[in-house]
There are 2 protein chains.
Amino acid sequence: MPPSTPAASEPTLADLGEFGVIDRLVALFPQDEQVLVGPGDDAAVLRVKVGHVVVSTDLMVEGRHFRRDWAGAADVGHRAAAQNLSDINAMGGRATALTLGLAAPPHLPVSWAVEMAAGFAEECAQVGAVVVGGDLTRADQVVIAVTVLGACTQAPLLRSGAEPGDVVALAGRQGWAAGGLAVLGRGFRSPRALVEAYRRPQPPYAAGREGAEAGATAMIDVSDGLLSEAGHLAHASGVHLDLRAEAFDLPEPLQAVAAATGVDALQLVLGGGDDHALLATFPSTAALPMGWIVVGEVHEAGWSGAEGPAVTVDGAVHEGATGWTHF
Amino acid sequence: MPPSTPAASEPTLADLGEFGVIDRLVALFPQDEQVLVGPGDDAAVLRVKVGHVVVSTDLMVEGRHFRRDWAGAADVGHRAAAQNLSDINAMGGRATALTLGLAAPPHLPVSWAVEMAAGFAEECAQVGAVVVGGDLTRADQVVIAVTVLGACTQAPLLRSGAEPGDVVALAGRQGWAAGGLAVLGRGFRSPRALVEAYRRPQPPYAAGREGAEAGATAMIDVSDGLLSEAGHLAHASGVHLDLRAEAFDLPEPLQAVAAATGVDALQLVLGGGDDHALLATFPSTAALPMGWIVVGEVHEAGWSGAEGPAVTVDGAVHEGATGWTHF
């Protein structure tokens with residue numbers, strides 16, 4: 001039975017109605033002392049102590065960013081939250097509050113929405129953030145729209161601060177989710193560790209702030225592919241990044257998938273996103289916090305004959321790892 | 001030619017690609033002094049001077065909340081912004097910044113996205129708010145996801161503060177957009193004033209703050225139907241609202257549509273949303289600011305034999321104006 005066809009006895013969004021569903025979802029969202037007005041009014045109101053707010057927004061579309069037969073509802077909720085929390089992480093910040101918009105077909109089981117929202121709230125709770133508002137409406141496919149608010153205790157860490165002479169460093173697993181996706185795309189469910197990594201990423205939530213405190217000069221969240229995100233950082237900073245292939249961990253499950261599918265394991269690492277690893281640059285004298293590994297060096301734009309800001313691997317343009325594009 | 005099939009020469013989102021389109025959209029969004037980090041990094045950063053932030057989020061789905069053959073792209077952008085700005089208005093606040101998420105099919109003309117975003121930014125500029133971030137991705141139908149941030153100069157105005165003895169008051173046009181929708185739904189394009197009111201609402205943006213300053217006790221944005229929003233306010237406050245039919249303006253275009261379609265003009269006013277009028281309660285001694293008109297009275301819950309919080313019109317339950325439900 002396809003996931004969009006619930007058992008006859010299972011209540012759907014249409015059965016329960018907008019406000020009935022919203023009541024069930026809101027009940028899943030604990031509030032905290034920063035919340036002056038929580039869900040249920042025209043808007044929420046949050047206390048802001050630090051003089052600024054960091055904000056980011058992302059959409060996840062069924063069939064594009066997730067499939068209901070590849071990941072459970074709770075997994076999808078975890079992923080939707082992780083993707084947004086990671087953006088605050090990449091600013092060196094701490095997420096404080098999120099809004100969750102859900103557009104869905106009327107025949108969607110209420111249980112799917114409830115489990116998704118519960119997974120979403122659980123992921124947020126990992127970093128101490130709360131869900132303060134949302135919207136629920138009807139659409140042909142499931143679309144999850146998230147906005148996250150946060151704060152930095154230091155100056156926000158941008159993509160544009162990398163300097164020639166800096167080192168390039170990575171925090172968090174990288175390539176695991178891409179490996180899981182490769183497996184699922186071929187109809188398999190193992191190696192389990194990779195499939196789980198795709199379904200429920202484990203972003204290095206402490207690494208953003210710790211990297212910032214250690215003096216990181218630029219940082220970006222690897223959501224759409226390592227080389228493509230490295231390219232964004234290189235362009236924003238006006239520099240050249242050269243990565244070293246041997247610096248990357250190629251753990252056993254990645255090698256197993258590579259062997260089984262004929263994909264190069266390094267390719268999964270360089271092209272993969274969805275793990276929400278962080279890529280950053282640090283002065284070469286900086287002591288890197290735990291969890292960060294050096295994977296390359298920053299050169300001036302034009303290094304090694306490249307035209308303008310660019311990314312190379314071992315001094316050469318790397319073929320076939322262009323990252324995820326949305327169109 | 002259906003609106004989803006662009007002329008062959010017209011570039012589509014797929015032609016220009018994610019980053020090409022984003023560049024065009026971001027160019028439409030002027031920033032201001034509150035913006036410490038604008039679009040283009042992992043997140044935006046806004047200066048917050050008042051110790052709190054007001055936040056609300058909404059989704060608009062093609063075919064559900066708008067049709068591309070009923071409203072131009074710029075109109076859809078204006079409506080998407082208005083719907084969200086109005087939520088801050090209903091808190092007695094001032095909107096400062098918004099994010100704009102767009103999910104769309106690859107064959108959508110770039111010009112549609114650009115005109116929508118331009119209309120969106122224009123509406124935001126009316127209240128001095130700026131667009132600081134967004135997301136662009138692929139979906140089968142157009143979905144617009146907006147989050148608005150703002151601030152209040154007084155305590156946020158909730159739905160829950162109405163007291164028996166208060167008066168009920170309305171600010172802004174009401175029923176006009178519903179009249180326009182009724183006309184469009186029958187394949188007509190006039191009365192022009194109503195069709196335009198549907199396409200591009202004119203929310204009373206000053207009325208929220210002015211109402212708050214005049215001592216309003218509760219306030220709500222009429223987006224889904226006057227009686228249904230009045231019901232939300234009545235429940236949140238634990239009171240009974242009795243509206244007076246004769247208090248509502250029934251302007252000539254509404255009467256013309258009523259005569260032409262057989263719909264009662266008062267019904268368009270009581271059941272209609274989308275104008276983003278404000279409904280509020282004030283102490284009976286308050287001097288109402290310009291633009292607010294008294295349309296009813298607040299009684300204790302259980303008034304006139306009703307069970308619990310409820311809304312009546314001239315003391316009786318009003319049939320057939322249940323408001324918009326999303327499922």
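## Annotated binding site

In this predicted model, the residues that UniProt lists under "binding site", in an unreviewed entry, are A:Thr57, A:Asp58 and A:Asp135. They span 79 residues in sequence, yet no two of their C-alpha atoms are more than 14.4 Å apart, so they gather at one spot. Of these residues, A:Thr57 is placed in strand 3 of chain A.

## Aromatic pairs

Over all chains the count of aromatic pairs is 4. One of them is formed by A:Phe66 and A:Trp112: the ring centres are 6.2 Å apart and the planes stand at 20°, so the pair is stacked. The stacking assignment follows because planes under 30 degrees apart count as stacked.

A:Phe66 belongs to the loop between strand 3 (52-61) and helix 2 (73-89) of chain A, while A:Trp112 belongs to helix 3 (residues 110-126) of chain A; the pair therefore ties together parts that are 46 residues apart in sequence. Strand 3 of chain A, at one end of that loop, is also the place of A:Thr57.

## The PurM-like C-terminal annotation

An unreviewed UniProt entry carries the annotation "domain: PurM-like C-terminal" for residues 163-261 of chain A. Over this range the chain is 47% helix and 15% strand. The C-alpha atoms at the ends of the range are 39 Å apart.

## Packing of helices 4 and 5

Two packed helices are described by the angle between their axes and the distance between the axes. For helix 4 (residues 176-185) and helix 5 (residues 192-199) of chain A, the angle is about 105° and the axes are 7 Å apart. Helix 4 of chain A and helix 5 of chain A are therefore roughly perpendicular to each other, because angles of 65 to 115 degrees count as roughly perpendicular.

On the helix 4 side of chain A, the contact is made by A:Trp176, A:Ala177, A:Gly179, A:Gly180, A:Leu181, A:Val183 and A:Leu184. These meet A:Ala193, A:Leu194, A:Val195, A:Ala197, A:Tyr198 and A:Arg199 in helix 5 of chain A. By class, the contact between the two helices has 10 nonpolar, 2 polar and 1 charged residues.

## Backbone geometry

What joins A:Ser190 and A:Pro191? The link is a cis peptide bond, with omega about 5°. A:Pro191 sits in the loop between helix 4 and helix 5 of chain A. In chain B, a cis peptide bond joins B:Ser190 and B:Pro191, with omega about 5°. B:Pro191 is found in the loop between helix 4 (176-185) and helix 5 (192-199) of chain B.

A:Asp274 has a positive phi of about 70°, although this residue is not a glycine. A:Asp274 is located in the loop between helix 9 (265-271) and strand 10 (277-282) of chain A.

## Relation of the two chains

Chain B is superposed on chain A by a rotation of 180° with 0.0 Å of shift along the rotation axis, at an RMSD of 0.0 Å. That is the relation of a two-fold axis. The same surface serves both copies, with 100% of the contact residues of chain B recurring in chain A.

How values were computed
Residues are numbered from 1 along each chain as its sequence is written. Chains are lettered from A and ligands numbered from 1 in the order in which they are written. This is a predicted model: local features need pLDDT of at least 70, side-chain atom pairs count only at pLDDT 80 or more; totals for chains, interfaces and linings use all residues. Side-chain values use heavy atoms; hydrogens and water are left out. Axes are lines fitted to C-alpha atoms, for helices over the stretch in contact, and angles run from 0 to 180 degrees between N-to-C directions. Helices (H or I, at least four residues) and strands (E, at least two) are DSSP runs, numbered from the N terminus. Angles under 35 degrees count as roughly parallel, over 145 as roughly antiparallel, 65 to 115 as roughly perpendicular and the rest as oblique. Contact means heavy atoms within 4.5 Å. Ala, Val, Leu, Ile, Met, Phe, Trp, Tyr, Cys and Pro count as nonpolar, Asp, Glu, Lys and Arg as charged, and the others, Gly among them, as polar. Copies are superposed by least squares on the C-alpha atoms of residues with pLDDT of at least 70 in both. UniProt positions are given in the numbering used here, feature names are shortened, and annotations may be inferred rather than shown by experiment. Rings of Phe, Tyr and Trp (its six-membered ring) pair if their centres lie within 6.5 Å; planes under 30 degrees apart count as stacked, over 60 as edge-to-face and the rest as tilted.
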